[in-house]
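Please take a moment to look over the sequence and the structure shown below.

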Amino acid sequence: QANSLKLSAGIAEVEPMRYTPAGLPALNCRLEHESQVQEAGGIRTVKVVIKAVAFGALAERLVKQAVGSQWQFQGFLANARQGKSVVFHIQDFLQD
């Protein structure tokens, strides 16, 4: 069963760095994506805003990036702790 997501997106918002009880850096952010896709024989503009989180060295790298900068993110989807929303867990990001 695959749960893998690649998303070109801009960093829309970054919360202050926090630390897990184990002392691991954690960074919550919001990513924004906009593109055009083909669907049902037509072109559709797609916009999505998604909550995302990065941990460890990745969080420390991500917090240094400018809001508005564009990246290619890779990771997986999981429910937030409350289970009511989806969070993109970032496993890597590269310059878009």
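This is a predicted model: local features need pLDDT of at least 70, side-chain atom pairs count only at pLDDT 80 or more; totals for chains, interfaces and linings use all residues.

Residues are numbered from 1 along each chain as its sequence is written, and side-chain values use heavy atoms, with hydrogens and water left out.

Helices and strands here are DSSP runs numbered from the N terminus, with at least four residues (H or I) for a helix and at least two (E) for a strand. Two strands are said to pair if DSSP finds at least two bridges between them. With strand β4 (residues 42–55), β3 runs antiparallel, and 14 bridges join the two. Along this pairing, Leu31 stands opposite Ile50 in β4, and Leu27 stands opposite Ala54 in β4.

Val14 has Cys29 in β3 as its bridge partner. Strand β2, residues 18–19, also pairs with β3 in the antiparallel sense, over two bridges. Here Arg18 stands opposite Ala26 in β3. Strand β4, in turn, is joined by three bridges to strand β6 (residues 86–95), and this pair runs parallel. Lys51 stands opposite Val87 in β6.

Next come the turns between strands. The hairpin of β2 and β3 has five residues between the strands, and in it Gly23 takes a positive phi near 90 degrees. The hairpin of β3 and β4 has two residues between the strands. Which residue there has a positive phi although it is not a glycine? It is Ala40, with a phi of about 50 degrees. Most residues other than glycine have a negative phi. Ala40 lies in the loop between β3 and β4. Relative accessible area tells whether a residue is buried (under 20%), exposed (over 50%) or partly exposed (in between), using a 1.4 Å probe and protein chains only. Ala40 counts as exposed because its relative accessibility is 86%.

Contact in the wider sense means heavy atoms within 4.5 Å. Not counting residues up to four places away in sequence, His33 touches Leu7, Ser8, Ala9, Val46, Lys47 and Val48.

Now turn to the interior. A nonpolar core is a set of buried Ala, Val, Leu, Ile, Met, Phe, Trp, Tyr and Cys residues joined through side-chain atoms within 4.5 Å. The largest one has 17 residues, and those with the most contacts inside it are Leu31, Leu62, Phe73, Phe88, Ile90 and Phe93. Two or more residues come from each of β1 (5–14), β3, β4, α1 (56–62), β5 (70–79) and β6. Phe93 is in contact with Leu58, Arg61, Leu62, Gln65, Trp71, Gln72 and Phe73, leaving aside its neighbours within four places in sequence.

The last topic is charge. A salt bridge is a side-chain nitrogen of Lys or Arg within 4 Å of a carboxyl oxygen of Asp or Glu. By this rule the count comes to four. One of them joins the side chains of Glu13 and Arg30 at 2.7 Å, N to O. Glu13 lies in strand β1 and Arg30 in strand β3, so the pair ties together parts that are 17 residues apart in sequence. Glu13, Arg30 and Glu32 are linked in a network of salt bridges. Arg61 and Asp92 also meet through their side chains in a salt bridge, at 3.8 Å, N to O. This pair links distant parts of the chain, with Arg61 in helix α1 and Asp92 in strand β6, 31 residues apart. Arg44 forms a salt bridge with Glu39, the closest N and O atoms being 2.9 Å apart. Arg44 is partly exposed, with a relative accessible area of 46%, and Glu39 is partly exposed at 43%.
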